[in-house]
Amino acid sequence: MDRYFDQSIKGVSTGTTILAVKFNGGVIIGSDSRASMGGSYVSSKTINKLIQVHDRIFCCIAGSLADAQAVTKMAKFQLSFHSIQMESPPLVKAAASVMKELCYSNKDELQAGFITAGWDRKKGPQVYTVSLGGMLLSQPFTIGGSGSTYIYGYVDSKYKPDMSREECLQFATNAIALAMGRDNVSGGVVHLVVITEDGAEHVVIPGDKLPKFHDE
Amino acid sequence: MLEEFTGPDWLSEEVKTGTTIIAVEFDGGVVLGSDSRVSAGASVVNRVMNKLSLLHDKIYCALSGSAADAQTIAEIVNYQLDVHSVELGEDPLVRSAATLVKNISYKYKEELSAHLIVAGWDRRGGGQVFVTLNGLLSKQPFAVGGSGSSYIYGFVDAEFRKSMSRRESQEFVVNALTLAMSRDGSSGGVAYLVTIDETGTEEKCILGNELPKFFDQ
C-alpha cells in the first residue's frame, strides 16, 4: 500500500527550512520563502511561512502547504476561543498542544510538521516542535524542513543558551542562509519574527543582504 | 505463516560504510578525516574501521558507500600507482591518483556504489583535494562525503577559510566529524585523522571521549 506517494502528485509543498530559537527575553522564529511543486518548479518565491496564531504565538510550517494551512486555521480558531474562555492570552504550550492534537488524531491523512514559538506570562519565551506523527517536544531551539539536515552541524556548534537579541538574529539568519545555499527547495528571502514581552516584530532579509560565506 | 528462516539481518544486508569523510587543503598540505563505523542494516559490524586508505606515500583516500566496493577500488589504485611511480621514477601526482580512481568509478558506475575522496601532497601542486563522485573529477579546497556529510554542510560552509594553518585545519576536521557523528546514525566510533605535508604523513586516532563537546539539549 502506497502511503507515501510521489510529491509531484500530492501538490504544493514547502520544501523548506524553518527554525525557532530562544534567546534572553524572547524567541526568534524564522523561515525561507520558497514554495515548490515536485522539487523542480517554484510556485512561490515569497511565501510567508510564519503564521500568527495569537498575539505573541507564531507557528511555522513544513510539509504539505494545504495541510499546514488547514491545521493552522483550525488552531487559530480554537486558540481564540480558548483565550476568551480563560479571559487571558493563551499559553504557548496550549497553542502547541492544539497543533499536536490535530496532527496526532489525523496522522494518517496529514503530511505536515510544525514549530510553535512564542512568549507568555507564565513561562516566558518557549519553543515547541510537533513532528509528523504528533509528538510534542519543548526545546531551547529547533530546526525543521528539508533544508534543516544541512545545518544540524552548524546549529549544534553555534548555539549558546541566553544569547542576546542581536546574536540570536545573526545566528538565525546565518543558519537559514546556509541551508538555502545547499537545499534546492529552500530559497528566496529570510523571514524572521522576534517575539518578546513587548510584542512581535517581523523582519525580512532580502537575498542581497544575506550573509556571504567562503565560496561566494 | 510459513516463513523461511534466513538468519540474522546482518548476514544478508549489504555492508556499507554509512559514514562521514572529509578532506581539507591547508597551506602546505592536506588533512583527511573519517569516522569508524561500518554498518550492515541496523547492526554495527565494525566500530573501529580506519576508512583512510593509503594509495601512496603522500596520497591517501577516504572511503564511503559500499565497504567492499570502496576497498577494492583503493587496492586496485594502490597497485596501479605503484607501477606508475616506478615507471616515472618519482612520486606520483595527486591528480594522477585521483584520475585512476575516477577511471574506475566512471567505467563501472552502474555496478559500483562507492565514493572516494582523494587527497595528498605532491611537489608540483602542494596539498590538493579531489572529489571523484560517480566518475566526476573535481579539485576543491575541501570536500565532505558519506551519509553524515549532509548534516555538516552548513557548518563547513560557515567555518571554512582558505589558507588555514595545519593546526586550524585539524581542528576544523575534528569538529566537523564530531558534529556529523552526533547526528548521523550511520557514523560514529572514533575519529581518524591523517595529515600530509612535505615532510611526511602523520596518522592520528581520536577516541570518543576525547572528541570536542558541543551544546547538548
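## Close-up views of a predicted two-chain model

**A salt bridge links A:Arg182 to B:Asp157, with the closest N and O atoms 2.9 Å apart.** A salt bridge here is a side-chain nitrogen of Lys or Arg within 4 Å of a carboxyl oxygen of Asp or Glu. Side chains of opposite charge can pair when their charged atoms come close. A:Arg182 is partly exposed, at a relative accessible area of 34%, whereas B:Asp157 counts as buried at 7%. Residues are numbered from 1 along each chain as its sequence is written, with chains lettered from A and ligands numbered from 1 in the order in which they are written.

**B:Arg183 and A:Asp156 form a salt bridge, their closest N and O atoms being 2.9 Å apart.** This pair crosses between chains, running from helix H5 (residues 166–183) of chain B, which holds B:Arg183, to helix H4 of chain A, which holds A:Asp156. Helices are DSSP runs of H or I with at least four residues, strands are runs of E with at least two, and both are numbered from the N terminus. How accessible is A:Asp156, buried or exposed? With 6% relative accessibility, A:Asp156 is buried.

Contact means heavy atoms within 4.5 Å. The size of an interface is often given as the accessible area lost when the parts come together. Between chain A and chain B, about 1700 Å² is buried, and carbon and sulfur atoms give 61% of this area. On the chain A side, A:Asp156, A:Arg182 and A:His214 lose the most area to chain B, together 33% of what that side buries. Buried area is the accessible area (1.4 Å probe) that two parts lose on being put together, summed over both.

**The interface of chain A and chain B holds 3 salt bridges, and 5 residue pairs across it are in polar contact, both residues at pLDDT 80 or more.**

**Within chain A, the side chains of A:Arg165 and A:Glu166 meet in a salt bridge, at 3.8 Å from N to O.** A:Arg165 is partly exposed, with a relative accessible area of 26%. A:Glu166 counts as exposed, at 52%. Over all chains, the structure holds 13 salt bridges.

**Strand S2 (residues 21–26) of chain B is mostly covered, with 5 of its 6 residues buried.** Two strands pair if DSSP finds at least two bridges between them. S2(B) runs antiparallel to strand S3 (residues 29–34) of chain B, and 6 bridges join the two. B:Ile22 has B:Gly33 in S3(B) as its bridge partner. The hairpin of S2(B) and S3(B) has 2 residues between the strands, and B:Gly28 in the turn has a positive phi of about 115 degrees. S2(B) is also antiparallel to strand S11 (residues 142–145) of chain B, with 4 bridges between them. In S11(B), B:Ala143 is the bridge partner of B:Ala23.

**B:Ser34 lies in strand S3 of chain B.** B:Ser34 is buried, with a relative accessible area of 0%. Which residues does B:Ser34 touch, not counting residues up to four places away in sequence? Among them are B:Thr20, B:Ile21, B:Leu52, B:Leu177 and B:Tyr192. B:Ser34 and B:Leu52 are 18 residues apart along the chain, and their C-alpha atoms are separated by 6.8 Å.

How values were computed:
Predicted model: local features only at pLDDT ≥ 70, side-chain atom pairs only at ≥ 80, totals over all residues. Heavy atoms only, no water. Polar contact = N/O pair within 3.5 Å; in protein donor to acceptor, adjacent residues only side chain to side chain. Buried < 20%, exposed > 50% of the residue type's maximum accessible area, 1.4 Å probe, protein only.
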